[in-house]
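Me: Please examine the following model with me, one question at a time.

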Amino acid sequence: MGKVFKYGSNVDTDVIIPARYLVTSDPAELAKHCMEDIDQDFTSRVKPGDIIVAGRNFGCGSSREHAPVAIKGAGVACVIAPSYGRIFYRNSFNMGMPILESGEAAEKISDGDEVEVEFATGLIRNVTTGESYQAEPFPPFISRLIESGGLVNYVKEGLPE
Amino acid sequence: MGMTMTQKILAAHAGLKEVRAGQFIEADLDIVLANDVTGPPAIKEFAKMGVKKVFDADKVVLVPDHFTPNKDVNAAENCKEMRDFAVAQGLTNYFEVGQMGIEHALLPEKGLVTAGDAIIGADSHTCTYGALGAFATGTGSTDMAAGMATGKAWFKVPSAIRFELSGRPSKWVSGKDVILHIIGLIGVDGALYQSMEFTGPGLKHLSMDDRLTMANMAVEAGAKNGIFLVDEITKAYIKAHKNKNRTPAKRARAYAPDKDAVYERTVSIHLPDIRPTVAFPHLPENTKSIDEVGEIKIDQVVIGSCTNGRLADMKAAAQILKGRNVAKNVRCLIFPGTQQVYLDCVREGYAEIFVKAGAAFSTPTCGPCIGGHMGVMTAGERAVSTTNRNFVGRMGHVDSEVYLASPAVAAASAIKGCIANPEEI
């Protein structure tokens, strides 16, 4: 269960992790600056297991994998949004961070709500309001990526011995 | 069921007769690209995969362009890591400062990308190469690592929007104005997860430089890729930029959409209707025609980048700046995209025009576009820029502002000190 940090639509990778910090790819270092250009208090308030809920096109913009790395590094367990910038979407699964697509959840969950997520089924439970929402199921290929723990392991599994 | 251009290229690279939108495939790659920001993490992930050698030393391209010439010690370390890897792997296409360019200006110029290719790059503007009729898309560093290791990438086959272009654009309307106009029309997620395919009789009035600018910004509409139908203009460009180190695969050819190709929708764009266009902060979709802009004072002008750092862009700026001066207290920074464009600017006399006008004329770098170095803004400052993004804090302080425009509008603005119409210079 995690506490929700809620943001609007088109949250771009430049505000998730500004380019000025891209001289490192260390998760802990990147996490220190996560979201700072739209929410200066994020890094001081976020706790392991918390959840980001946002509007459509979350993570649009740059291909920088530093964006999901920073979010994961900050302890965020999951992102829920109606849609994602497509590179952010594939980066998240490639590095083993599941993200969920649900317009209903993104609309109805409020900032500060306590939310539980069941990745296997895509069920999202809002503990604060008692509501639950069903996210889009993962396509079989994405499920395999998640089961492998990301693309590095997926590639390793596919390589000849 | 007919396929789009993108679907045909993906099918050919997946060894399949047919693919349909939504299908997951694994495709062979012709080029795998990274820069000094995305390369070092890719190299670390590559090491974790337990692979010793890259799949093809001619097809992995590394370009240090983001924080180069090295802006600080960390940047120098990243570049060193990439250089050491390039040497250890014997990569043919590592481009050192002094021979490099901004990656998406450099690769087409060097003949490393061609029609019918499937390309991934760990940089979102990799979609630029769609101008040549290639399938090219941005990915992250882990995809880049897998691409280096296996020569393959996974894709969800996209559906597509067809843009049917007609007519000839007016004098000061360039590819930049056309793509800003389109993004204003469909929004920053208007083509999310989709291809943008450009066809129609208007193509013959768009130069390769215009097309490269347009394909470059497909990602700003959320698209997976932008791609142009191959015509005589494309073929002439490819012929003029042959690379002896690059033997294109048999599947590298012009792919036209099937007659019964299924498109999500068709958007008709009549090029003569488009005016010089400016995108206001803080999204590329916040567009206005130059006639609706009003008086907006500026502090900085940036002309260059992977979007607008080609010779036609430099020429447009030079035509306007010739014999004129940059306005008092305005900084005008001009960044040609590659060493070749730089040299051409010197030969054509543009370099002298820029310097005499009071502009700074720099070596190629992504620095100012990303607020990295060489042109960072402080609170309250405003730039007119020919780059591709005007997000919050993109060029520096979170309270600075970026207005996206063509090189002609940017140059006119530099002279006037406020956003200006090139027709009025």
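Me: Into which domains is chain B divided?
Reply: The model discussed here is a predicted one. In chain B, one domain is made of two stretches, 5–251 and 260–269, and the other covers 278–424. The division is therefore into domain 1 (5–251 + 260–269) and domain 2 (278–424).

Me: Which helix gives the largest share of the side of domain 1 of chain B that touches domain 2 of chain B?
Reply: In chain B, 34 residues of domain 1 are in contact with 35 residues of domain 2. The elements that give two or more residues to this side of domain 1 are helices H4 (103–109), H6 (175–186) and H7 (208–216) of chain B. The largest share is six residues, and the helix that supplies them is H6(B).

Me: Which strands stand at the edges of the seven-stranded sheet of chain A?
Reply: This open sheet has mixed pairing and the order S4-S3-S2-S1-S5-S6-S7 (chain A). Each edge strand has a single partner strand, so one of its sides has no neighbour in the sheet. The edge strands of chain A are S4 (99–101) and S7 (132–134).

Me: In S3(A), which residue is the bridge partner of Ile52(A)?
Reply: Strands S2 (residues 51–53) and S3 (residues 78–81) of chain A run parallel and are joined by three bridges. In S3(A), the partner of Ile52(A) is Val79(A).

Methods:
Residues are numbered from 1 along each chain as its sequence is written. Chains are lettered from A and ligands numbered from 1 in the order in which they are written. This is a predicted model: local features need pLDDT of at least 70, side-chain atom pairs count only at pLDDT 80 or more; totals for chains, interfaces and linings use all residues. Two strands pair if DSSP finds at least two bridges between them. Helices (H or I, at least four residues) and strands (E, at least two) are DSSP runs, numbered from the N terminus. Two residues are in contact if their C-beta atoms, placed from the backbone, lie within 7 Å.
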